[in-house]
Amino acid sequence: SEKGNHVAVGTYRGFVQIWDVTTSKRIRELQGHTARVGSLAWNGDLLASGSRDRSIRLRDTRSHNALPERNLKEHKQEVCGLKWSPDHQYLASGGNDNRLLVWNLNSPSPQFTYEEHIAAVKAIAWSPHQHGLLASGGGTADRCIKFWNTLTGHALNSIDTGSQVCNIAWSLHSQELVSTHGYSQNQILVWRYPGLQQM
């Protein structure tokens, strides 16, 4: 968590465990998913979990009661990527259905649905420098990093990296981002934005 003393763990059986890292004790186990939980994202005390059951669950981890939780169901296959925007108002989710969805915290339906990737979308990163700028990376059959303006819904740019995009992270101090890759290059690349020159 952003506070630093809790860590969330998604399990193969569909549970989400919350652990206190200072005491090394499990303090909660959240049920609700019916298949493995492969993606997690903290937003203050709110925890988003994405599962192979194709759902995203949003839960407030402060209460031990059976809290009303939000269950977002729009992906058609496993949810494999989740990332909150820097202003904590939007959640981006990527799936094995090759789709990238952008959710507003106050709506049960996605604000934008992007279907331009042709492989699973696991790598997702919001720019800390430009409000509404989102980057997403596609799997082995896609190999592209795509950039989106989530204020207007428009696609901005796309670059073929030559291999599966596993993760993306923006630099906090400069207009650069790093991407990590699997098949077939297994490499780490640093890019300057917006020109997308490889550094």
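This is a predicted model: local features need pLDDT of at least 70, side-chain atom pairs count only at pLDDT 80 or more; totals for chains, interfaces and linings use all residues.

**Pocket, cavity and strands**

The lining of the largest pocket draws at least two residues from each of β8 (79-84), β12 and β16 (165-170).

**The largest pocket**

- The largest pocket holds about 230 Å³ of space, and among the 14 residues that line it, Lys83, Trp84, Pro86, Ala125 and Trp126 lie nearest its centre.
- By residue class, the lining of the largest pocket consists of ten nonpolar, two polar and two charged residues.

**The largest cavity**

- There is one cavity of 30 Å³ or more in the structure, and the space in the largest cavity comes to about 30 Å³.
- β7 (70-73) and β10 (100-104) are the elements that contribute two or more residues to the lining of the largest cavity.
- The residues that line the largest cavity are Leu58, Arg70, Leu72, Trp84, Leu91, Trp103, Asn104, Leu105 and Ser107, and they divide into six nonpolar, two polar and one charged.
- Trp84 is named in the lining of the largest cavity and is also listed with the residues that lie nearest the centre of the largest pocket.

- Strand β5 (residues 46-51) is largely enclosed by the rest of the structure, because six of its six residues are buried.
- In a regular strand, side chains alternate between the two faces of the sheet.
- On β5, Leu46, Ala48 and Gly50 lie on one side and Leu47, Ser49 and Ser51 on the other, and both faces are covered, with all of these residues buried.
- Strand β4 (residues 37-43) runs antiparallel to β5 and is joined to it by six bridges, with tryptophan 42 having leucine 47 in β5 as its bridge partner.
- The hairpin formed by β4 and β5 has two residues between the strands, and glycine 44 in the turn has a positive phi of about 65 degrees.
- β5 is also joined by five bridges to strand β6 (residues 55-60), again in an antiparallel arrangement, and the bridge partner of serine 49 in β6 is arginine 57.
- Between β5 and β6 the hairpin has three residues, and arginine 54 takes a positive phi near 80 degrees.

- Strand β14 (residues 144-149) pairs with β13 in the antiparallel sense over five bridges, and phenylalanine 147 in β14 stands opposite alanine 135.
- In the hairpin of β13 and β14, with five residues between the strands, arginine 143 takes a positive phi near 70 degrees.

- An open sheet is formed by four strands in the order β16-β17-β18-β19, with antiparallel pairing, and its edge strands are β16 and β19 (197-198), each of which pairs on one side only.
- β18 and β19 pair in the antiparallel sense over two bridges, and arginine 192 stands opposite glutamine 197 in β19.
- Tryptophan 191 lies in strand β18 (residues 188-192), and this residue counts as buried because its relative accessibility is 3%, with burial set at under 20%.
- Beyond the neighbours within four places in sequence, tryptophan 191 is in contact with residues including Ile145, Ile159, Thr161, Leu177, Ser179, Leu196 and Met199.
- The side chains of tryptophan 191 and serine 179 are joined by a polar contact of 2.8 Å.
- Tryptophan 191 and leucine 133 are 58 residues apart along the chain, and their C-alpha atoms are separated by 15 Å.

Note on methods:
Residues are numbered from 1 along each chain as its sequence is written. Side-chain values use heavy atoms; hydrogens and water are left out. Buried means under 20% relative accessible area, exposed over 50%, partly exposed in between (1.4 Å probe, protein chains only). Contact means heavy atoms within 4.5 Å. A polar contact is a pair of N or O atoms within 3.5 Å; within protein, one must be able to donate a hydrogen and the other to accept it, and residues adjacent in sequence count only if both atoms are side-chain atoms. Two strands pair if DSSP finds at least two bridges between them. On a 1 Å grid over the protein atoms alone, a cavity is a set of points where a 1.4 Å probe fits but cannot get out, and a pocket is an open set with protein on both sides within 12 Å along at least five of seven lines; lining residues have an atom within 4 Å of a point. Grid points are joined across faces, edges and corners, and a volume is the space filled by probe spheres set on the points. Ala, Val, Leu, Ile, Met, Phe, Trp, Tyr, Cys and Pro count as nonpolar, Asp, Glu, Lys and Arg as charged, and the others, Gly among them, as polar.
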